[in-house]
Amino acid sequence: MVKRVLSSVLALAVVVAGSVLATAPAHAATFRTTATNLNIRSDAYLSASVIKVLAGPTSVEVDCQRSGDSVTVPGRAATTWWAHLPAHGGYATVGYIDTTATKLPGVPDCPPNPNPPADIKLADVQAMFGSRIANPSLVQTGLPSLNQAMRDANINTAYRKAAFLATLVHESRLEYNIREIGDTRLYGGRGYIQLTGDFNYGPAGRYFGIDLLGNPELARSLQWSAPIARWYWTVARSINPYADALHMGKVNAAIGYPAGTEDQRRCDSFKNAIRYLTGSVPGGIICTRPTALNGDTSKLSKQQFDALAKEGGGLG
């Protein structure tokens, strides 16, 4: 009896040990962080959600690394590499890991996402927006870069995709190289998101390390049009939460134009896109803006916009 119990205990120990070994990260290497409050993000992008803040310099295990947004830490070269910390379920920039390299030595690249979100195809946007897709061949050319931008921005749900695409089809007809008709200003509307004003060209250029102020035409190039749209959606503003809440009024306000009949047109396109993506239109869609956001919101900082969107108040 004792022998059988002992055998069972040993067998259970082997199973448990095997389970632990099976879940341990492969190729894990130990490094030390250098920041006092280090953001751990859901993906290798500054726009990705913060899932944890790691207090104090501490030892961490890294099982792989992924290229993403460039980060510059004072006294160090810029790096685009992010370390995956399996114990914390997210990514930390290599800029805040104790190494002189811009990429961690001896750590493999992370494998591609085994279940990437389905790409948007030309037939999809034609079904969503009909005649608004005026130049199908041009839209087709830009879709690979636009789909990548959507992945980078975590635009990965039906509501987020519907809000993003409905916005861009009204801004640019989903044409990456469009210039706002009749706009002769140096920093007039360009590209998918119709980037406008030196107050946007400057920060967007600094974010990507390109001179948009000196060469604003880059904003409607195939290389930069989609990334700039992603930057505006997630860095200049934080629009995904408004899409999650079905608040197209706040989405429209975040784009930066005064309230008017255009809001309803965009909301109708949002509904059409959701209907196509999900098969129905959910209740609770809000097409109107809070009164605080009825004015021209284009020059507000992200902090100012967020405060008005959350708390209300006038635009002076």
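Biologist: How far from the centre of the ring of Trp81 is the charged end of Lys103?

Modeller: This is a predicted model, and the values that follow are computed from it. A charge counts as sitting over a ring if NZ of Lys is within 6 Å of the ring centre and within 35 degrees of the ring normal. The charged end of Lys103 does sit over the ring of Trp81, and its distance from the ring centre is 4.0 Å.

Biologist: Is the aromatic pair of Trp231 and Tyr232 stacked or edge-to-face?

Modeller: The search of the whole structure finds six aromatic pairs. In one of them, Trp231 and Tyr232 have ring centres 6.2 Å apart, with 65° between the planes. Planes over 60 degrees apart count as edge-to-face, so the pair of Trp231 and Tyr232 is edge-to-face.

Biologist: Are Trp231 and Tyr232 buried or exposed?

Modeller: A residue is buried when its relative accessible area is under 20%. Trp231 has a relative accessibility of 4%, and Tyr232 likewise has a value of 4%. Both residues therefore count as buried.

Biologist: Which residues form one aromatic cluster?

Modeller: The cluster brings together aromatic side chains of Phe, Tyr and Trp. Its members are Tyr207, Phe208 and Trp224.

Biologist: Which helix gives the largest share of the lining of the largest pocket?

Modeller: The largest pocket has a volume of about 540 Å³. Two elements give two or more residues to its lining, namely helix H4 (158-172) and helix H5 (198-208). The largest share, four residues, comes from H4.

Biologist: How many charged residues are in the lining of the largest pocket?

Modeller: The lining of this pocket consists of 25 residues, and those nearest its centre are Glu171, Glu180, Gln194, Thr196 and Arg266. By class, ten lining residues are nonpolar and seven are polar, while the number of charged residues is eight.

Biologist: What is the phi of Asn154 near?

Modeller: Most residues other than glycine have a negative phi. Asn154, found in the loop between helix H3 (136-152) and H4, is buried at 16% relative accessibility. Its phi is positive, near 55°.

Biologist: Is Arg173 buried or partly exposed?

Modeller: Arg173 has its place in the loop between H4 and H5, and its phi is also positive, near 60°. Buried residues fall under 20% relative accessible area and exposed ones over 50%. At 34%, Arg173 therefore counts as partly exposed.

Biologist: How many of the eight residues of helix H8 are buried?

Modeller: Helix H8 covers residues 248-255, and Gly256, with a positive phi near 105°, follows it. The buried residues of H8 include Met248, Lys250 and Asn252. The helix is largely enclosed by the rest of the structure, because the number of its residues that are buried is eight of the eight.

Notes
Residues numbered from 1 in each chain as written. Predicted model: local features only at pLDDT ≥ 70, side-chain atom pairs only at ≥ 80, totals over all residues. Heavy atoms only, no water. Phe/Tyr/Trp six-rings, centres within 6.5 Å; stacked < 30°, edge-to-face > 60°. Buried < 20%, exposed > 50% of the residue type's maximum accessible area, 1.4 Å probe, protein only. 1 Å grid on protein atoms, 1.4 Å probe; cavity = no way out; pocket = protein on both sides within 12 Å on 5 of 7 lines; lining within 4 Å. Points joined across faces, edges and corners; volume = space filled by probe spheres on them. Nonpolar A, V, L, I, M, F, W, Y, C, P; charged D, E, K, R; others polar.
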